[in-house]
Amino acid sequence: SSHLLSNPQPTACCSQAMSTSISVRPDGVGVITLDNAPVNSLSQALVASFKQEFPKLVNDPKVKAIVVTGKGPLFCGGAEISEFGIVAAQGKDAFKDTSPVQSLSDMIDMMDACPKTTVAAINGQALGGGAEVGLGCHYRVAAAKAAVAFPEVSLGLLPGGQGTQRLPRVAPLMTAMQMILQGKPLPAQAAMKNGIVDAVAKEDVVNEAAAFALSKPPNPISKRPVPHANRFYAASGALEQGLLMATNQAPGMIAPEAIINCLKAACSKMSFREGLKVEASEFTRLVFSVQSAALRHLFFAERLASKVPGVNEKPAPLKKIGILGAGLMGGGIAMCFAQKGIPVVLKDAKQEWLDGGMKKIQGLWAGQAKRGRLTEEKFKQLMGLIKPTLKYEDFGDCDMVIEAVPEIMDLKKQVFLDMEKHMRPDALICTNTSGLNIDDIAAVIKDPSRVMGCHFFSPANVMQLLENVRTKHSSERTLSTGMAMGKLISKKTVMVGNCDGFVGNRMVAPYGAEAKMLWEEGATPEQIDAAAQKFGMAMGPLALGDLVGQELFWKQRKAAGDMKKQTKTYFGPYEIVDWLCDQGRFGQKTPDPKIKADGRGIFIHRGRNKEVDPEVIAKMDEVRKTKGVTPRVISDEEVIERLFFPLINEGFKILEEGFVARSSDIDIVYIFGYGFPPAKGGPMFYAENYVGFQKILERLKVFNEQAKERFTKNSHYLPIDYFEPSKLLEACAAKQGSTKVPPGATLIDVVLKEFRKQGGAPGPFSKL
C-alpha cells in the first residue's frame, strides 16, 4: 500500500503550489479545493493555507454550505511523509503537550465545528489523512471510482488526525478495525454500505455534493455517539481478537496494539475529546519508534532505488521481449511480461524443453483461473502473448532479450554470438546469470555496451526483487532501459555492480556459512532456524538451504574440480552438505519414497511439516569427532550476532568497493529478496539504528580472532575472512554519536561520501 501514500516534496511554506483555493458557486455553495500536486498531500503549507481560506467561506454571508474537494484525479493522499522525519529529528520532548499532527487536527476541528453544512466531495482516492479530512466534514459524497483507506500501518503508524475516533462512530467496528489494521482500501460502494460515505455520485461529484450540502443540516461526527453494536462488540472481545490476528500476520509490530488501544478508547465511556488524547499519545509513541523510522526509511528507499547515479539518458521503448531458455527461470520471466500485456518470444534448443516450459506456464495460470483469480478470457489472452520458438530468427524484432540458459560459460558465450547474429544492433542483450562474470560473456560480441545483467530471483513470476547489473561497458541507454524494464514489470529494482554474487548472494554467503559453523559448534538446527525466525526472517538459514537446494554450490565446486573451493558466494564447512549431495539428498526437491518423504535434505519434509533427519544428526556427531570438536551450549544472542553481523560487514565492503550506490539499496535487496523483516528496515538500517556500529565492530573482532584460531590450528577448517571488519564500518563506528545526520539521511551515506572522495575503489559507483 505504500504507493497509496504521498511522495516527498519540499515544504516551502505557503507557496502557491501547495495551497488551497476557494470559490462560490451560483447556488451559494462555497468550494475549497486541496491543491498540492501530485497527490494533494497535507503538507504544513497546505494545512496553513486551508486554515486561512476556510474561515472566509464560513464568514461569507452569501455562502450557504461548504464542499471540500481535491484538485486532479485524487482527493488527498494523506500526510506529507517527509515531514515525519523532521518531527522525529526534533525529539520526543518537543511534543510533550501536543501531538506532532496538531495542526491537521485543528484543521479537522474547524470543519467539524462549522455552523454551515460541510460535505467532502471525494473525487478520487482519500488515503490516511485524506480520509480523515473527509471524516472531518459533516457528510461525504464519493465519485464512483473513489476509494477510502488508512494505510498508515504500513509505515508503523496509526491515523493520527482523529481517524481512530471518528471511523468507529460511522462504520461497523469490524470494518474500522480491518481498515486501520490492514490498510486495505474500500471502494466507494463498499464505503457507502459501511456508512463511511453517505452517497455515491452518479455524475459530477462536486455538483452532487453541493446539492447534498444544501439539503442537510450540519451533523458533526464528533457529536455522534459510537453505535451500540460497536460498543457491544468491543466489550465482548472483538478488539483483542483483531489484535491477535494482526500479531500473527505481522509478528513483532507495535502499531497494531497502539491502534487497538485507540479503538478501545473510542468504544469506551470516554468522551470524544478524551479519546483524541489517547490517539495523540499513541501516535506520538509510534512516530518516535525505531520501527516506524524503519518503515519510513523503506518507503523512501524504494523511490530512491530507481534513481541511479550517472544514468540520466532516456530508456529505449520495450514493445516486445525475447527470453532464451524455457526452464523455471525463463518461464517465470516470460510470465512477468505477458501479465503486463507485452508480447514475448520464448526460445529453447529442443522441442521437448520448450513444450515442458509452456506446459509449466499454462499450469500456473490455469491454477489462478481455477481459483477465480483470472477469467477464462484473460487466461487465453495471456497464453496468446507468449510465442514459443526454436529459431533465433524470431528474436529479430525484439527490443530486449533476456538469456536464462544453464550457468556454463562456453554455453553463455555461444548463445550471445547466436543472438547477436539475429537481433537488431540496437536491441539489448541481457543475462540472468548469478554466478558468472558478465564482462567475460559480453566480451564475445562486437558491441558489449548493449549488455547488462538482469538477476531475477526464483520463481521470477513471484519474487519481487530484480538486481540489475552494471557491467564495465554497459551504456547509459542500456542501463536506463534495464531500470525501466524493472519498473514495467513491477519489480523492486536495484542497480548493482558486477562483483561476485552481486549484493544479495554475496551477503547471504557468510550468513549461510555461519549457520553450518554454529551447528558444528553445538547449536541445534532447530535452535538456529528458530532464532532467525524470532528475529523476523521469513525462514531460517538451514531450512532455506533445503528450499534452494543443497546441491547448488556442491555442483559448482565439482565442476571446478576443487571440493575445498571458496568464493565470495560460498564458504565451508562442507562435510554435511557434501555427504547429503553424494546421496542425492538435495532438500525439498528430492523425495525419498522409502521413508514416505516429499523431500529430504537436512530435514525430512512431509507435506508442510519437517523434522531434522536423525541420520544427519548422527553424521554431525561423526564430523565433530573427526574434527576434534566438543559441542558447547550456544546462546540465541550469539546465533543472531554470528548470522547477521558478517552479513552486514559484507554489505559495508560492497559499499566501500563501490559495487552499490547507497546503503538503502542494500536494504531493498534484503527486504524484497531475502525475507528480512521490514520493521527492522533492512540490514544496514538495522546496523545503524538497532545495534550501533561500535557493537558490531567489537563483536566482529572477537569472532574474527576465534575463526583465525580455528583455521590456523586445525587443518580441517578452511580460512575465512568475512569477519575482517570493513574499513567503512570502522569509519562509521568512529563517527556514530558525534556526527549530525540530516533528517532522512543515514550516517553510512554521510561517511561514504567522504570515503569515496579518496577514490581507488574498483566498483562503478565509487566515482559517482
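In the predicted model, Gln-162 lies in the loop that joins β7 (147–149) to α5 (163–170). Although Gln-162 is not a glycine, its phi is positive, at about 80 degrees. The residue is buried, with a relative accessible area of 0%. Ser-490 is placed in the loop between α19 (476–488) and β17 (492–497). At 42% relative accessibility, Ser-490 counts as partly exposed, whereas Gln-162 is buried. Most residues other than glycine have a negative phi, and most peptide bonds are trans.

Cis peptide bonds were also identified. The bond from Ala-37 to Pro-38 is cis, with omega near 5 degrees, and Pro-38 belongs to the loop between β2 (29–36) and α1 (44–59). The bond from Gly-572 to Pro-573 is likewise cis; here omega is near 0 degrees. Pro-573 is found in the loop that separates α23 (551–560) from α24 (575–582).

Helix packing was examined for α2 (residues 81–90) and α13 (residues 290–305), the axes of which come within 11 Å and cross at roughly 135 degrees. That angle makes α2 oblique to α13, since angles over 145 degrees would be needed for a roughly antiparallel arrangement. The crossing of α2 with α13 is left-handed. On the α2 side, the contact involves Ile-81, Ser-82, Phe-84, Gly-85 and Ala-88, which meet Arg-296, Phe-299 and Phe-300 of α13. Five of the residues in this contact are nonpolar, two are polar and one is charged.

Helix α14 (residues 328–338) is mostly covered, with ten of its eleven residues buried. The buried set runs through Met-329, Gly-330, Gly-331, Gly-332, Ile-333, Ala-334, Met-335, Cys-336, Phe-337 and Ala-338.

A search of the whole structure found zero disulfides. For Cys-114, the closest cysteine sulfur is that of Cys-137, and the separation of 9.1 Å is too far for a bond, because a disulfide requires the two sulfur atoms to be within 2.5 Å. Cys-114 counts as buried, at 4% relative accessibility. Cys-267 is also in no disulfide, and the nearest cysteine sulfur, that of Cys-262, is 11 Å away. With a relative accessibility of 8%, Cys-267 counts as buried.

How values were computed. Residues numbered from 1 in each chain as written. Predicted model: local features only at pLDDT ≥ 70, side-chain atom pairs only at ≥ 80, totals over all residues. Heavy atoms only, no water. Axes fitted to C-alpha atoms, helices over the stretch in contact; angles between N-to-C directions. Helix = DSSP H or I, 4+ residues; strand = E, 2+ residues; numbered from the N terminus. Parallel < 35°, antiparallel > 145°, perpendicular 65-115°, else oblique. Left-handed = near helix turned anticlockwise from the far one by under 90°. Contact = heavy atoms within 4.5 Å. Nonpolar A, V, L, I, M, F, W, Y, C, P; charged D, E, K, R; others polar. Buried < 20%, exposed > 50% of the residue type's maximum accessible area, 1.4 Å probe, protein only.
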